[in-house]
Amino acid sequence: MSDSHEHLQTLTEIRSLMERSSKFLSLSGLSGISAGVVALIGAGAAYVRLHNNNLTLMSYERITRLNGPDRQDMVDFLILDGALVLVAALLLGVFFTVRKARRQGNGVWNSISKRLLWALAVPLVTGGIFCLALIRFNLIWLTFPTTLIFYGMALYSGSKYTVRDVEYLGLSEIMLGLVALFWTGYSLLTWAVGFGILHIVYGTVMYLKYERDELKR
């Protein structure tokens, strides 16, 4: 009985070592939570600005009718708002991920993290260029569901290099983005749900599943 237990423990340790060598396991749930909070703040700022310009969630098409400086100001604000959300989320994500990696005694920049970064970058860069084209041709509100779709594709692509939970988040983002394509009157709301609420739920699950016990040790 003791020998069987030792063999099982050995196999478990070997499996853990193999998983660590093939997957990036230092993603922090706190990164997801912080990204979600930042996204909700950004969505709230966009809503306030749209409301001040008499552009409600249901009158999204009116933004395409704005002329000259008014339209350019609105576009500039939305781009700046999105860029600030992205930068803040990335900085917080890097901070919490590096902190977790150091706590585990692992390095952050290695062959697996490079593969993960590349898998994420291709869909994200492609989606970013596509969104710029949508803005260029005055299809501003289609950028909201488009960002969800390409972001979900990036997560799905990168999930093979990290925990399986990332795949589920990616599929959720894709499905929400596809729904938002036909529900454009609520583009800002679906964007807030996708980047805000889903991230908070995902981050909370990740934290409870992988990090809470580590902090108790």
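I149 touches E173, I174, G177, L178 and L181, when residues up to four places away in sequence are not counted and contact is taken as heavy atoms within 4.5 Å. I149 itself is found in helix α5, where helices are DSSP runs of H or I with at least four residues, strands are runs of E with at least two, and both are numbered from the N terminus. This is a predicted model, in which local features need pLDDT of at least 70 and side-chain atom pairs count only at pLDDT 80 or more, whereas totals for chains, interfaces and linings use all residues. Residues are numbered from 1 along each chain as its sequence is written, and side-chain values use heavy atoms, with hydrogens and water left out.

**Overall architecture**

- The protein contains seven helices and zero strands, and its elements run α-α-α-α-α-α-α from the N terminus on.
- Of the 217 residues in the protein, 37% are buried, a class that means under 20% relative accessible area, with exposed meaning over 50% and partly exposed in between (1.4 Å probe, protein chains only).
- Among the contacts in the protein with a separation of 6 or more, 79% are accounted for by residues 24 or more positions apart.
- The protein exposes about 12,800 Å², of which carbon and sulfur atoms supply 67%; accessible areas come from the Shrake-Rupley method with a 1.4 Å probe, and for residues only the protein chains shown count as cover.

**Packing of α5 against α6**

- The axes of helix α5 (residues 143-158) and helix α6 (residues 165-181) come within 7 Å and cross at roughly 160°, the axes being lines fitted to C-alpha atoms, for helices over the stretch in contact, with angles running from 0 to 180 degrees between N-to-C directions.
- α5 and α6 are therefore roughly antiparallel to each other, given that angles over 145 degrees count as roughly antiparallel, those under 35 as roughly parallel, 65 to 115 as roughly perpendicular and the rest as oblique.
- The residues of the contact of α5 with α6 divide into 15 nonpolar, three polar and two charged, where Ala, Val, Leu, Ile, Met, Phe, Trp, Tyr, Cys and Pro count as nonpolar, Asp, Glu, Lys and Arg as charged, and the others, Gly among them, as polar.

**Packing of α4 against α5**

- The axes of helix α4 (residues 111-136) and α5 come within 8 Å and cross at roughly 165°, and α4 and α5 are therefore roughly antiparallel to each other.
- α4 passes α5 in a right-handed crossing.
- Residues making this contact include L116, A119, L120, P123 and L124 of α4, together with T143, T146, T147, F150 and Y151 of α5.
- The residues of the contact of α4 with α5 divide into 14 nonpolar, seven polar and no charged.

**Individual residues around α5**

- I149 counts as buried at 13% relative accessibility, and its C-alpha atom is separated by 8.4 Å from that of G127, 22 residues apart along the chain.
- L181 is found in helix α6 and counts as partly exposed at 32% relative accessibility.
- Leaving aside its neighbours within four places in sequence, L181 is in contact with L142, P145 and I149; the C-alpha atoms of L181 and I149, 32 residues apart along the chain, are separated by 9.6 Å.
- F182 lies in the loop between α6 and α7 (187-216) and is exposed, with a relative accessible area of 75%, while the C-alpha atoms of F182 and L142, 40 residues apart along the chain, are separated by 9.8 Å.
- S187 lies in helix α7 and counts as buried at 0% relative accessibility; apart from its neighbours within four places in sequence, S187 is in contact with W141, F144 and P145.

Key
Left-handed = near helix turned anticlockwise from the far one by under 90°.
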